[in-house]
Amino acid sequence: MTGRRSDAERNYRRILTVAEAEIAELGAAASIERVARTAGLGSATVRRHFPTRQALLEAVFAERARALQARAAELTGESDSRAALLAWLRDFTDYAVSARGFADVLAYEPPTEADAEAGPSTSQSSCGATLEAALAPLLARAQREGAARPEASCHDLVTAVAGIALATEHHRNPAAQAARLLDLFVTGLSPRG
């Protein structure tokens, strides 16, 4: 956002803040006009920054994906690789559940063999690619240390969290249900023994 006047930068940040709250409440149905009203701005001002609702949604979700990327970087220094991986997956799940519509953005086609050979995400949405890139060092370390199954991929984990968020979106208590499902996913159905 360099080169932007300070009032334009303030408006941009205000729009993203309001849009994130609107999206948490209404999901992808949040309108530019309602965001503009709530932010105390004209819809033309919002459209200068975000010409379409899709552009606004992508910007909000990209901001959060970058925050999750920063969180992953923080967790790479943790001594327990499994705990670090699970902490990030819980943070990701919490956000995916709270931001209605985010899981829809992440519901993408499985990677092709060429994608798998190229590394994380050459054909996925930019949010998915950002999240997989953030997750990759945490998962790789946990796998090296025997704390995660070697066949698990970043794509598998991002897809699982997106599925959990989609499955719990209309639940009476989506956050609690999503946490429960993530725990089942992580531990599996078999009793410990």
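Author: Helices (H or I, at least four residues) and strands (E, at least two) are DSSP runs, numbered from the N terminus. Isoleucine 15, for example, lies in helix α1, residues 6-26. The model is a predicted one, in which local features need pLDDT of at least 70 and side-chain atom pairs count only at pLDDT 80 or more, while totals for chains, interfaces and linings use all residues. Residues are numbered from 1 along each chain as its sequence is written, and side-chain values use heavy atoms, with hydrogens and water left out.

Reader: How many helices and strands are there in the protein?

Author: The protein has ten helices and zero strands.

Reader: Is isoleucine 15 buried or exposed?

Author: Buried means under 20% relative accessible area, exposed means over 50%, and partly exposed is in between (1.4 Å probe, protein chains only). Isoleucine 15 counts as buried because its relative accessibility is 0%. Of the 193 residues of the protein, 38% count as buried.

Reader: Which residues is isoleucine 15 in contact with, leaving aside its neighbours within four places in sequence?

Author: Contact means heavy atoms within 4.5 Å. With those neighbours left aside, isoleucine 15 is in contact with Val35, Leu41, Thr45, Val46, His49, Phe50 and Leu56. In the protein, residues 24 or more positions apart account for 60% of the contacts with a separation of 6 or more.

Reader: What span should the 18 residues of α5 have?

Author: The expected span of a helix is 1.5 Å times one less than its number of residues. For α5 that gives 26 Å, and its end C-alpha atoms are 26 Å apart, which agrees.

Reader: Which residues of α5 are buried?

Author: An α-helix has 3.6 residues a turn, so residues three or four places apart point the same way. The buried residues of α5 include Ser81, Ala84, Leu85, Trp88 and Phe92. The buried residues of α5 pack against several helices, among them α1, α8 and α10 (174-187).

Reader: At what angle do α5 and α8 pack?

Author: Axes are lines fitted to C-alpha atoms, for helices over the stretch in contact, and angles run from 0 to 180 degrees between N-to-C directions. Helix α5 (residues 81-98) and helix α8 (residues 126-144) pack at about 155°, with their axes 8 Å apart. Angles under 35 degrees count as roughly parallel, over 145 as roughly antiparallel, 65 to 115 as roughly perpendicular and the rest as oblique. Therefore α5 and α8 are roughly antiparallel to each other. On the α5 side, residues making the contact include Leu85 and Trp88, and on the α8 side they include Leu135 and Arg141.
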